[in-house]
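Trainee: I have a model open and would like to go through it with you. Can we take it by questions?

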Amino acid sequence: MSTPSVKLSSRWPTFVVAGLVAIVAAWLLAVQGAGEHNYRPVLSVLLGSMFWVSVLIGMLMLTMITRIFDAGWAPVIRRSWEFMIGALPIVLLLSIVPLAFIPSFRHLLWEWTDATHLLPSGHEVGHDPILQAKSWFLNPTFFLIRITLYVVFFGVITWVLRRFSFQQDKERDANLTHRLHAVSAVGIPASAVMLTMLAFDCLMALSYHWFSTMYGVWFFALSIRLALATTVILTYRLSNGGWLDGILNQAHRHVLGCLMLAFTVFWAYISFSQYFLIYTANIPEETFWYNIREFNPITGLKSDWWGVSMYLIFGFFFLPFLSLLFYRSKIIAGRLLTIAGIIFVGGIFDLWFNAVPRQINEASAPEGFVVSPFLSGYLALDLLAIFGFGALVIGLFLRSSTKAETIPVHDPRILESINYHE
Amino acid sequence: MNERNESIHGVACTFRSPSDVFHAAEKVRDAGWKNWDVHTPFPIHGMDQAMGLPRSKVPRLTLLGGVTGFITGCLLTWFMNSYDYPLVVGGKPFWSPIFPFPVMYECTILFAAFGTFFGQFILNRLPQHHHPLFDLPQFARTSDDTFMIVLEARDKNFHLDESRNFLLSLGGQEITVIRE
């Protein structure tokens, strides 16, 4: 191991402390907000953690997918994914678990868990026939069982994937690669079900009238995009004074760039299809979700959420899509880094678009509600939470890198990966 | 004093191993040759760079096809649904970029595929039913155990005797002049 990368890894406590300070600050503001029955600061904690849950679930899927396809390019990069995904259960424990289990937070974020909550129509949630029809799934007991299941499942799968892979460094046993194939073969469909339900519970259920069967796929597409963007940013740093210095080559960047292009298109395909089907069917239970993201219910004019949706179309799809079409964008490190940065920032906007707008009771408004605005001081709190969970994840990532070889030196495909050629 | 002869296609030279032909290719590239080729029984990694080949131009034709297809899809749906025979469907506008998007999208893919498929035909100058190399008995062996470099007469560096000696100096085994 070279000196600069030891130096980098030894800085893990700084990141963990910085992350924890920011997370505690975000939580204190959430507690204060909950005292005033304001859901917005509580949502910041959920948003900050969901951003990194998304990144880490994407990396978990990429780890298993490259295992099962025996991808020759992957081993040197996959070890960094394995370092990252160890943080997934910890992020869930520090955010979604307390948000779901403490009733005052749960009632603010997931209104359907509070039977006495008043709807804009003046009725209580408990008497809502739409909720009653869904109550076999959307009831607090089953909800908490599912949240527990996510933590246990993602805890076990990440532990097993890391454990066998790190064991190979010491035991030099190629059979561990076969065992990891088997783990991935079971893990991919199981994780697909888990991430779909996680997206349903943590994001779609924030607005319980609405439903989209494509929501899980949207979350998967977003997760892989964010995971790839984070990988490009991370490996850029690691190949400039880290453990991938002199290892990461043009062909690795090319393959990451190609995957970013593919999943940019896939994300657009899923997001558009969801909109297109709801637009075509034109059913009020579905269209209201897009209506509150386009119009101000008082004036009837386009709201600031319309601007966010335009940003998603042009800034989060067309800009990265058109740039990634060019071969040179995928091989020149600086250009790929810029595009990864655009996708990383766009992912925050996509989460804002999906999680923040909600109908807030307002008796004086013509339809009985107003929509929470996009532009507000809470955006800074969201960014604080994203920074906090991000610093924690990076800190735990650097800590993991002191526990195992920084590249899998006894992986059967390690030479193929180091000498990877376009 | 360029000894150009209309009846000569070029000079072929066989090599024994992948590394011989690889290093010979690098020297041919460095000597500034443009019209020449390497024939091997299997793909050799890094041969593109050793030959100094630029990247394929097919992706440009794919993009051109895709853009053409997208515009065709827009015009098609606009002409049919909004201009030639306006029809209200599900209370939607006669034309908007949303409802006919699947048509625009499919046309983009179809035309991009046409651009790719016919583009590579044009760039590879296909179909071509005969090639002077096919008359060469050694050429058949390049799909078995022989590696071959062919320098073509239309290159400005071509000079029959000099080119022959050049190939020998690169470690070539058997030199043959290919006639048209």
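Mentor: What follows is a set of questions and answers on a predicted model.

Trainee: In what order do the four strands of the open sheet in chain B lie?

Mentor: The sheet is open and its pairing is antiparallel. From one strand to the next, the twist averages 20°. The order of the strands is 2-3-1-4.

Trainee: Which strands of chain B stand at the edges of the sheet?

Mentor: An edge strand has a single partner strand, so one side of it is left without a neighbour in the sheet. In chain B this holds for strand 2 (36–39) and strand 4 (175–179).

Trainee: Which residue stands opposite B:Cys13?

Mentor: Strand 1 of chain B covers residues 8–15. It runs antiparallel to strand 4 of chain B, and five bridges join the two. The residue opposite B:Cys13 lies in strand 4 of chain B and is B:Ile175.

Trainee: Which strands of chain B does helix 6 of that chain touch?

Mentor: Helix 6 of chain B, residues 160–169, packs on the sheet. Its direction makes about 15° with that of strand 1 of chain B. The strands it touches are strand 1, strand 3 and strand 4 of chain B.

Trainee: At what angle to strand 3 of chain B does helix 1 of chain B run?

Mentor: Helix 1 of chain B spans residues 18–30 and lies across strand 1, strand 2 and strand 3 (147–152) of chain B. Its angle to strand 3 of chain B is about 20°.

Trainee: Where does helix 14 of chain A bend?

Mentor: Helix 14 of chain A has 21 residues and reaches 29 Å from its first C-alpha to its last, close to the 30 Å expected. It bends by about 30°, and A:Pro320 follows within four residues of the bend. The bend is at A:Phe318.

Trainee: Which helices are among those that cover the buried residues of helix 14 of chain A?

Mentor: The buried residues of helix 14 of chain A include A:Trp305, A:Phe316 and A:Pro320. Their cover includes helix 12 (250–281), helix 15 (327–331) and helix 16 (333–355) of chain A.

Trainee: How many residues of chain B are in contact with chain A?

Mentor: Chain A contributes eight residues to this contact. By class, the side of chain B that touches chain A has four nonpolar, three polar and one charged residues. The number of chain B residues in contact with chain A is eight.

Definitions and conventions
Residues are numbered from 1 along each chain as its sequence is written. Chains are lettered from A and ligands numbered from 1 in the order in which they are written. This is a predicted model: local features need pLDDT of at least 70, side-chain atom pairs count only at pLDDT 80 or more; totals for chains, interfaces and linings use all residues. Two residues are in contact if their C-beta atoms, placed from the backbone, lie within 7 Å. Ala, Val, Leu, Ile, Met, Phe, Trp, Tyr, Cys and Pro count as nonpolar, Asp, Glu, Lys and Arg as charged, and the others, Gly among them, as polar. Two strands pair if DSSP finds at least two bridges between them. Axes are lines fitted to C-alpha atoms, for helices over the stretch in contact, and angles run from 0 to 180 degrees between N-to-C directions. The expected span of a helix is 1.5 Å times one less than its number of residues. The bend at a residue is the angle between axes fitted to the seven residues ending there and the seven starting there. A residue is buried if 20 or more other C-beta atoms lie within 10 Å of its own, exposed if 12 or fewer, and partly exposed in between; C-beta atoms are placed from the backbone.
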